[in-house]
Amino acid sequence: TTIEKSNFLAHKIEYYDSDNELLRVQSISDYRKQANDGYFAFHMDMKNVQNQRRSVMKVEKFQMGSTLPETHFSPNSLVQ
């Protein structure tokens with residue numbers, strides 16, 4: 001794991017399988033300071049090094065304090 005000392009933000013995290021072999025590597029970047037003095041990562045990349053699959057999440061807009069109810073995020077409501 002790579003963590004920035006000044007603010008304790010994680011930039012790289014390694015995940016291992018049950019045989020202690022490297023499974024995934026997560027890279028986190030584009031941290032932006034928020035109004036509450038916290039940080040939010042606008043770019044995350046997860047690579048499975050065993051099967052070469054990759055997932056990328058890019059956030060274009062972030063709003064703190066959303067009033068959306070939790071029911072909007074249930075598995076049924078997220079299916080299109």
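Predicted model: local features only at pLDDT ≥ 70, side-chain atom pairs only at ≥ 80, totals over all residues.

Student: Why is the pair Phe40 and Phe42 called edge-to-face?

Tutor: Rings of Phe, Tyr and Trp (its six-membered ring) pair if their centres lie within 6.5 Å; planes under 30 degrees apart are stacked, over 60 edge-to-face, and the rest tilted. By this rule there are three aromatic pairs. Phe40 and Phe42 sit 5.3 Å apart, centre to centre, with 85° between the planes, and that makes the pair edge-to-face.

Student: What makes Phe42 and Phe62 a pair, and of which kind?

Tutor: Their ring centres are 6.4 Å apart and the planes stand at 75°, so this pair is edge-to-face. Phe42 belongs to strand 4 (residues 39–48), while Phe62 is in the loop between strand 5 (54–58) and helix 1 (75–78), so the pair ties together parts 20 residues apart in sequence. Helices (H or I, at least four residues) and strands (E, at least two) are DSSP runs, numbered from the N terminus. Ring pairs link Phe40, Phe42 and Phe62 into a cluster.

Student: How do you know whether Phe42 is buried or exposed?

Tutor: Buried means under 20% relative accessible area, exposed over 50%, and partly exposed in between (1.4 Å probe, protein chains only). Phe42 has 7%, so it is buried. Phe40, at 22%, is partly exposed, and so is Phe62, at 31%.

Student: What makes you say that Arg32 lies over the face of Phe42?

Tutor: The rule asks for NZ of Lys or CZ of Arg within 6 Å of the ring centre and within 35 degrees of the ring normal. Arg32 is at 4.0 Å from the ring centre of Phe42 and counts as lying over its face.

Student: Why is the contact between Asp30 and Arg32 called a salt bridge?

Tutor: A salt bridge needs a side-chain nitrogen of Lys or Arg within 4 Å of a carboxyl oxygen of Asp or Glu. For Asp30 and Arg32 the N to O distance is 2.9 Å, and the contact qualifies. The structure holds three salt bridges. Another joins Glu14 and Lys12, with the closest N and O atoms 3.6 Å apart.

Student: Which side chain meets Arg54 in a salt bridge, and how exposed is each partner?

Tutor: Arg54 meets Asp45, at 2.4 Å from N to O. Arg54 has 57% relative accessibility, so it counts as exposed, whereas Asp45, at 9%, is buried.

Student: What makes strand 1 and strand 2 a pair?

Tutor: Two strands pair if DSSP finds at least two bridges between them. Strand 1 and strand 2 (residues 10–16) have two bridges, in the antiparallel sense. Thr2 has Lys12 in strand 2 as its bridge partner. The open sheet has five strands in the order 1-2-3-4-5, with antiparallel pairing. Strand 1 (2–3) and strand 5 are the edge strands, since each pairs on one side only.

Note on methods
Residues numbered from 1 in each chain as written. Heavy atoms only, no water.
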